Every structure is written in C-alpha cells, then in structure tokens.
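Please open the model in a viewer and keep the selection panel at hand.

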Amino acid sequence: MKILGLHHITAMAGDVAANVQFYTQVLGLRLIKRTVNFDDPSTYHLYFGDTVGTPGSALTFFYWAGQPRGRPGPGQATDTAWSVPASSLDFWRERLASRGLEFAEERRFGDTVLRFSDPDGLGLEIVATSEADPRQPWAHPEVPVAHGLRGFHSTTLTHADSARTARLLVDIMGWREIAREPASGGGERVRYAAGAGGPGAYVDLVSAPEAPRGRPGAGTVHHVAFRVADDAEEIVALAEWRAAGLQPSPQVDRNYFHSIYAREPGGVLFEIATDQPGFLIDETRESLGSRLLLPPQYEPHRAAIEARLDPLPV
Ligand code: ZN
C-alpha cells in the first residue's frame, strides 16, 4: 500500500473551553472545523490545523467533560510531535515558559525536542528540526509564520514490545526503518519513514516493557490516521490489511475524507484516510471553522443540538 505519511491524529479531552484556548491561543493553530461527535451529537468534535487543514496537520478531539483522565503508556500513541524550523527553538522555549507551561528538552536524532502536555495531560512535542519542511503554517497574531507549527513531525507509539507493530509497518504498510538510538526513558527508539519521508512522514516506536499499560481517557490519543491519496489506494490498503490478518472496518465516509480502521497488534487504533476531498468541501478557505457543521441526519435537530453545546472561546 502507498502510505504517504500522517493524515490526522484524534485524541480525547475533558473541558472544551480549555482545550480550544490552548490549541488556538497558545500553540497558534487554526480551528478548521467544528462539528459534533457523529456517535454523540451532544458533544463537539473539533479539528485544529494549518490554514486549510492540510493532511498531516490536523489534530482533532472528542470531549468527555468530567470523565477521568486516561493514563499514557504501552499500547498507545503516547506523544504527538509538531515540526518547526531549528531557528524557532528559542521562540517556542520563551512562548511555553511565558505561558507557565513546564517543558523538558531532549536531543533526538540530531534535533532538539521540547516536551510538554496539554491541559488534559496529552503528551505533545515540538521538534526544532534542521530538515527542510516547506509546509506553511497558519498565520496567528502572536505566532509569526516563520515560527508557526508546520504540521505533524511524527508520532511516538509506545509498546511493551514493538516487534509485531514494526513488522506491520514495514512488511505490510510500506514504512522503512531509517534510524535508531536509545530512548530518553530507557529502551530504544526506532524511527520509520513513509513515502518521501521528512517531517510529517515519521513514526517512532519505543519499547517500554516495564511501564504499566496505558488506559484510555481524557489526555490520551484515540487513534492515528495515515494518508493515502484516494479511494483506489484505500481499497488496496484494505485488502492488504485483511490479507495480513487484521480485522479492518469497511470504508467509512467521514465527509472530509474516507477511512478504514483496524487495531494494530500492539493495541493502537490505526486509520487510513484519503487526502480527498478535504476540509474545503463544505466551507470556504476564509470561513473554515467559523460555524457548527452537522451531518445530514442531525441537521433537522440543529437548534436542539446547538442549545446543548457550550459556546467556544473563539
Ligand atoms: Zn480519524
């Protein structure tokens, strides 16, 4: 199958206002789509990304106010990393510090990585990389384009034992190992690249055999979605996942992309999503994220749905 890189990552959050404030005001991302959880229209499903939600830039959230936090650990995508130029490192050190955010720094494959958490404890990273990354970030009043988050750099999947997941990535999904080094928390970090590689097309596998298994909840990733170009590529991927012994879902229409899902052997829910049709299918570039969009089955109930949703701080 022809995986091009990361498509989107979906995580779980508690308080929607704190979440929106953090991603739009602190990290300077654009709220590109506001809709509801299609399985529970009393809660939001929000998407944050670059100007148009380019594949590889969108972090999306489901919300469960008042639910207990999850616990990051083996069986999860534990860290979501964004790419910025190496020259933006000081900007982000100062910005995180000025917002009272605690962060740690580490060196990883030659780049400096800032590690911190969102208001629900979700593991986030900014990778200040010397690799070329021509992607254009959203122009935020406080985050100049020169320093803006370009999109995802990578995701780190943590397992008690990464071997079966590594085989799925390499033997079935076309990723290739490009580097390995000791992981900061012990064990080994192995980096895989898809397609042409580069920021947005990396997955890191870390083995943590001693850590307690992760528990889902607010502050944890729900699933990681990988890019394919179109429906034809997705049908190929579906057949190859089946042939490999996974139990994928049928293709699902997510309005902005078409998706298949399967749980990988290490426990992380994988999705494969098409680049087409994208987030401009129902809004203009200028108006993205400015109003609540509902799937057709909920449109007749718009007034009742809107009345139950909290206003957003945007
Ligand atoms: Zn998804």
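By class, the lining of the largest cavity comprises five nonpolar, three polar and one charged residues. In this scheme Ala, Val, Leu, Ile, Met, Phe, Trp, Tyr, Cys and Pro count as nonpolar, Asp, Glu, Lys and Arg as charged, and the others, Gly among them, as polar. To display the lining, select Leu27, Gly28, Leu29, Gly49, Asp50, Pro137, Trp138, Gly148 and Leu149. A cavity is a set of points, on a 1 Å grid over the protein atoms alone, where a 1.4 Å probe fits but cannot get out; lining residues have an atom within 4 Å of a point.

The model is predicted: local features need pLDDT of at least 70, side-chain atom pairs count only at pLDDT 80 or more, and totals for chains, interfaces and linings use all residues. Residues are numbered from 1 along each chain as its sequence is written, and side-chain values use heavy atoms, with hydrogens and water left out.

Select helix H1, residues 16–26. Helices (H or I, at least four residues) and strands (E, at least two) are DSSP runs, numbered from the N terminus. The buried residues of H1 are Val16, Asn19, Val20, Phe22, Tyr23, Thr24 and Val26. Buried means under 20% relative accessible area, exposed over 50%, and partly exposed in between (1.4 Å probe, protein chains only). An α-helix has 3.6 residues a turn, so residues three or four places apart point the same way. Just after H1, glycine 28 takes a positive phi of about 75°; glycine 28 also belongs to the cavity lining.

Next, colour the largest nonpolar core, which has 68 residues; Tyr23, Leu27, Trp92, Met173 and Trp241 have the most contacts inside it. Helix H1 gives the most to this core, with five residues. A nonpolar core is a set of buried Ala, Val, Leu, Ile, Met, Phe, Trp, Tyr and Cys residues joined through side-chain atoms within 4.5 Å. A second, separate core of 10 residues includes Ala225, Phe257, Ala273 and Leu293.

Centre the view on tyrosine 23. Leaving aside neighbours within four places in sequence, tyrosine 23 is in contact (heavy atoms within 4.5 Å) with Gly28, Leu29, Phe48, Leu59, Phe61, Trp82, Asp118, Leu122 and Leu124.

**The zinc site**

Which residues coordinate the zinc ion? Select His8 (NE2), His223 (NE2) and Glu271 (OE), which coordinate the zinc ion at 2.0 Å. In sequence these donor residues are spaced H-x214-H-x47-E. Histidine 8 in strand E1 (residues 5–13) and glutamate 271 in strand E16 (residues 269–277) link distant parts of the chain, 263 residues apart. Donors are N, O and S atoms within 2.8 Å of the metal (3.2 Å for Na, K and Ca); water is not among the atoms, so sites may look incomplete. Histidine 8 counts as buried because its relative accessibility is 3%, and glutamate 271 counts as buried because its value is 0%.

**Backbone exceptions**

Most residues other than glycine have a negative phi, and most peptide bonds are trans. Staying with strand E16, select proline 277: a cis peptide bond joins glutamine 276 to proline 277, with omega about 0°. Then move to phenylalanine 109, in the loop between strand E6 (104–108) and strand E7 (111–117); this residue has a positive phi of about 50° although it is not a glycine. Asparagine 255, in the loop between strand E14 (252–253) and strand E15 (257–263), has a positive phi of about 70° and is likewise not a glycine. At 32% relative accessibility, asparagine 255 counts as partly exposed.

Is aspartate 204 buried or exposed? Aspartate 204, in strand E12 (residues 202–207), counts as buried, because its relative accessibility is 0%. Leaving aside neighbours within four places in sequence, its contacts are Arg108, Phe109, Thr155, Thr156, Leu157, Arg189, Val190 and Arg191.

Finally, select aspartate 171 in helix H3 (residues 163–172). This residue is exposed, with a relative accessible area of 56%. The C-alpha atoms of aspartate 171 and alanine 244 are separated by 9.3 Å, although the two are 73 residues apart along the chain.

Key
1 Å grid on protein atoms, 1.4 Å probe; cavity = no way out; pocket = protein on both sides within 12 Å on 5 of 7 lines; lining within 4 Å.
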